[in-house]
Amino acid sequence: MPIITVEHLSKHFKVYRRRTGFWGNLSSTVARQHDIIRAVDDVNFSLERGELVGYIGANGAGKSTTIKMLTGILVPTSGHIDVMGLTPYRHRKENTRRIGVVFGQRTQLWWDLPVIDSFELLKHIYEIPQNLYKQNLEFFSELLQLRPFLSTPVRRLSLGQRMRCDLTAALLHDPEILYLDEPTIGLDVVAKEQVRQFLRQVNAERQVTVILTTHDLNDVEKVCQRLIIIDSGKIIYDGGIDALKERYGKTRMLIIDLAQGYSDIQLEGVDLIRRDGNRIWLAFDRDTISASEVITQLTARYEIQDLTISEPEIEEIVRRIYELGVH
Amino acid sequence: MMKKYLTFTTKAFQRTLTYRFELWMELFINVLFMLVYVYLWKALYTGQTSVEGYDLNGILTYIVVSQTLLTFTFTLRVARIIEEKVRTGEVVTDLMKPIDFQLMTLATAAGTSSHTALFNMLPKFLLFYGAFGLSLPPSLLTVLLFIISVVLGYVILFSMEFIIGIFAFWLVEIRGIYALVIWGLSMLFSGYFLPLEFYPAFLAKVAAVLPFRAIIYFPTAIYTGQLIGERLITAMLIQLAWVAVLIGLGRLGYRAAFRKLVIQGG
């Protein structure tokens, strides 16, 4: 029994067009013309309880629109959503009691008050029983090391500290589903890693179902088991990360430091991707040519100082999917 | 249930303590303005014993009480807060909570305003009371009715600001409406400027059908003893009616606003 089922979900927005110039303005006032933007277009997926899913796509691909519909603050144009047996926009309040939401770009904490005051406010908003509240606060303070700044006003926290507090705020009432909209945006490497570690742990120990939208594919690679890619409102990939690599990751990258700057470099079955002084980047398909063949060709023609071979990063794969589509 | 909203009140009260310097400056400037106003009325009353039933002491009491109550009008920032929440999209965070938006906003405003009442209005009033030998309400019961009337007036003011704030869901800019209603109509018809008894007949008639006089004039006139007996009861019933109407309109407004938001997107 899936915890979230989405069937033929679409959201279309009317965007009114304004014509320029005097007459254009006048005619826009009399008869408004509009374009239909298909922000989400016939999307289908379902999530099992306890899954940890990365929901990714370029800016404007339809990620946030989907999340807004799942949380019940946006009504679909058509299609069907079932979240824990509820239709989110019809049962908004009931739904909000059982979900947690974190927006990386904004905080739900009270800016001028100590962190702990916002937590207490949430205790009352969600009517969390005192002992459960204490227990959860204890658990998250320990895990995210919140104690040193629990009584610091939110406006004085660093972005990383604030995000840890926002994560706690979203989880105090024991939600069954946690929606995260770009939770690592703007964080430094250490803070990002802390957030990822935390998400894995919360997912594993508390069976919270997590949906994560992000632009940082390291988040997805390190945290998620499953990846859904949306582009122009349509889902273009839904599956495991390893499967994605297997399917699209046949390209290998060879980075070579040449002993001297050769004027032109020509090799069969290999693309020169980039060149920077004596360093060159070569891409080849491992099905058509093996790494050792490429290296044999290279050493026969050029003098080489150093060489590294890399599998494509998930980032590279997704970029190619965005650019070229799925095939 | 009520506890949930009371927490907003106490937290908002607490939050106000953050900006102590601003609060002191505000109080200082208020006191200066009130001083000017009091001396103006003293000058106007030279050679007069009574105008429209107000003697000098009566008018000064009226001015100080109404000026003190006016503090709510210029410290309540409900419309601006809602506008900002809409502009920044923070309103979405409120929507994602199992909470009533209007009650939450009222509870929060009440927290901020309790602080204002305690640390700005009360000291200000006591200062003028002592300095100019003003009168107290005729009885303890009047004090009680005065306080209830102040609270009702406050809720009416809140509801107006709330409705103005809700316009932000449709309009990009609400400063125009705000200025018109709060600084224009409210100033003119709430009775803070001078007692409504001083108004020419037609303006008094207009004031009588608008909700503004229920904000400042009614409680002040209850304090000074101008409104007594049946007229006092009528005044408070009118206040109650406006509370019901304006709170109701605010609810309709924000329901429509949220419907627009969830159908068309933020």
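Modeller: In this predicted model, helix α6 of chain A, residues 159-171, lies across strands β5 and β6 (177-181) of chain A. The direction of α6(A) makes about 160 degrees with that of β5(A). Another helix of chain A, α9 (residues 241-248), also packs on the sheet, where α9(A) touches β8 and β9 of chain A. Between the directions of α9(A) and β9(A) the angle is about 110 degrees.

Now the sheet itself. It is an open sheet of 6 strands in chain A, and their order across it is β5-β6-β7-β3-β8-β9. The pairing is mixed. In general, strands of a sheet pair through backbone hydrogen bonds, and a pair can be parallel or antiparallel. At the edges of this sheet stand β5 (99-103) and β9 of chain A. Each of these two has a single partner strand, so one side of each has no neighbour in the sheet. From one strand to the next, the twist averages 15 degrees.

Strand β8 of chain A covers residues 226-231 and strand β9 of chain A covers residues 234-240. The two run antiparallel and are joined by 6 bridges. One of the facing pairs is A:Arg226 with A:Gly240 of β9(A). Another is A:Ile230, whose bridge partner in β9(A) is A:Ile235. Along a regular strand, side chains alternate between the two faces of the sheet.

Where the chain passes from β8(A) to β9(A), the two strands form a hairpin with 2 residues between them. A:Ser232 lies in this turn and has a positive phi of about 50 degrees.

To place this part in the whole chain, look at the domains. Chain A is divided into domain 1, residues 4-246, and domain 2, residues 250-311. Taken over C-alpha atoms, the centres of domain 1 and domain 2 of chain A are separated by 42 Å.

Chain B can be set beside this part. Chain B has 11 helices and 2 strands. One helix pair there is α7 (residues 140-166) and α10 (residues 217-224) of chain B, which pack at an angle of about 175 degrees with their axes 9 Å apart. These two helices, α7(B) and α10(B), are therefore roughly antiparallel to each other. Among the residues making the contact are B:Leu145 and B:Phe146 of α7(B) and B:Phe218 and B:Ile222 of α10(B). By class, this contact has 7 nonpolar, 2 polar and no charged residues.

Methods:
Residues numbered from 1 in each chain as written. Chains lettered and ligands numbered in written order. Predicted model: local features only at pLDDT ≥ 70, side-chain atom pairs only at ≥ 80, totals over all residues. Heavy atoms only, no water. Pairing = 2+ DSSP bridges. Helix = DSSP H or I, 4+ residues; strand = E, 2+ residues; numbered from the N terminus. Domains from an automatic or database assignment. Axes fitted to C-alpha atoms, helices over the stretch in contact; angles between N-to-C directions. Parallel < 35°, antiparallel > 145°, perpendicular 65-115°, else oblique. Contact = heavy atoms within 4.5 Å. Nonpolar A, V, L, I, M, F, W, Y, C, P; charged D, E, K, R; others polar.
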